[in-house]
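Have the structure open as you read.

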Amino acid sequence: MMLFFFLAIVLAAKTAQADFDGPVIVNQIYLLRPQYGSGGRNGVTCLSWRFGVETNNIIDWETVPEECALYVGNYMLGQQYRQDSKAVVKEAYRYAKSLILADDGKDVWIFDIDETTLSNLPFYARYGFGVKPHDAELFNEWVLTESAPALPESLKLYKKLLALGIKIVFLTTRNEDKRHATEDNLLIAGYRTWEKIIFKQDSNYSITAVEYKSAERKKLEDAGYKIVGNIGDQWSDLLGTNTGCRTFKLPDPMYYVS
């Protein structure tokens, strides 16, 4: 499955090549061996920097330290990223199986989209895995290719939750004008059904992801839904209010969303 995921990323990148132009990172980024080096902040190792990022102790950072590009690339394309994701999903499913669901069809599980449901690794691999500042225009071009593959462990969890009778709500910071491309991409990647997909509206442009997602979760609960679970790759997916009965954090050392 790891090989399949890697091949899917490579194929997706090649498929999008005709419609999405940009610099390609040299092949050495794909060497699947540990890369440590010194980097991060105050000379900490890249491994320690990633730990600080994932525990939300290192916050408000804009780019991956340049000296950690190889480390992050190796992590994202190596076995550890998949194993870390698998550990999170395994615990999420163990928890989900323990739930006693209501009979009203209002039990929902919230999934973020980018780096939670769909993988943008074909895009980020071309820009140093987060070393370069985020380019919204280029990323939007990538989204419109509808080429992002599913994150394998997240797709497994999605299917298992549906089998348990839990409905799925996708809550994303993608703008409403990306609805068509996003829905098509989800279907292509294997996400066949959902209760709702909530996109960010222009009126929410100036607020943080935490504020936006908190408000949208409150709307769901006000509409009678019970958020039994919530999974995302950013702490901003999981912090704030109305976060649900339990939250699960997937790894993502490539970017930070406040």
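On one side of helix α8 (residues 179-189), H180 and I188 are exposed, while A181, T182, N185, L186 and A189 are buried. Here buried means under 20% relative accessible area, exposed over 50%, and partly exposed in between, with a 1.4 Å probe and protein chains only. Helices (H or I, at least four residues) and strands (E, at least two) are DSSP runs, numbered from the N terminus.

This is a predicted model, where local features need pLDDT of at least 70, side-chain atom pairs count only at pLDDT 80 or more, and totals for chains, interfaces and linings use all residues. Residues are numbered from 1 along each chain as its sequence is written, and side-chain values use heavy atoms, with hydrogens and water left out.

Back to the helix. What covers the buried residues of α8 includes α6 (136-144), α7 (152-164), β2 (167-175) and β3 (196-200), with contact meaning heavy atoms within 4.5 Å. Just after α8 comes G190, which takes a positive phi of about 115°.

Now for the largest pocket, whose volume is about 1100 Å³. The search runs on a 1 Å grid over the protein atoms alone, and a pocket is an open set of points where a 1.4 Å probe fits, with protein on both sides within 12 Å along at least five of seven lines; lining residues have an atom within 4 Å of a point. Grid points are joined across faces, edges and corners, and the volume is the space filled by probe spheres set on them. There are 38 lining residues, and H134, A136, F139, T173 and V257 are the closest to the centre. α6 gives the most to this lining, with 5 residues. Here is the lining by class:

| Class | Residues in the lining |
|---|---|
| Nonpolar (Ala, Val, Leu, Ile, Met, Phe, Trp, Tyr, Cys, Pro) | 15 residues |
| Polar (the others, Gly among them) | 10 residues |

Last, the cysteines. The structure holds 1 disulfide, that is, a pair of cysteine sulfur atoms within 2.5 Å. C46 and C68 form it, with their sulfur atoms 2.1 Å apart. C46 sits in helix α2 (residues 46-54) and C68 in the loop between α2 and α3 (69-77), so the pair ties together parts 22 residues apart in sequence. The torsion about their S-S bond is about -90°, so this disulfide is left-handed. Both C46 and C68 are buried, whereas C245 is partly exposed, at a relative accessible area of 48%.
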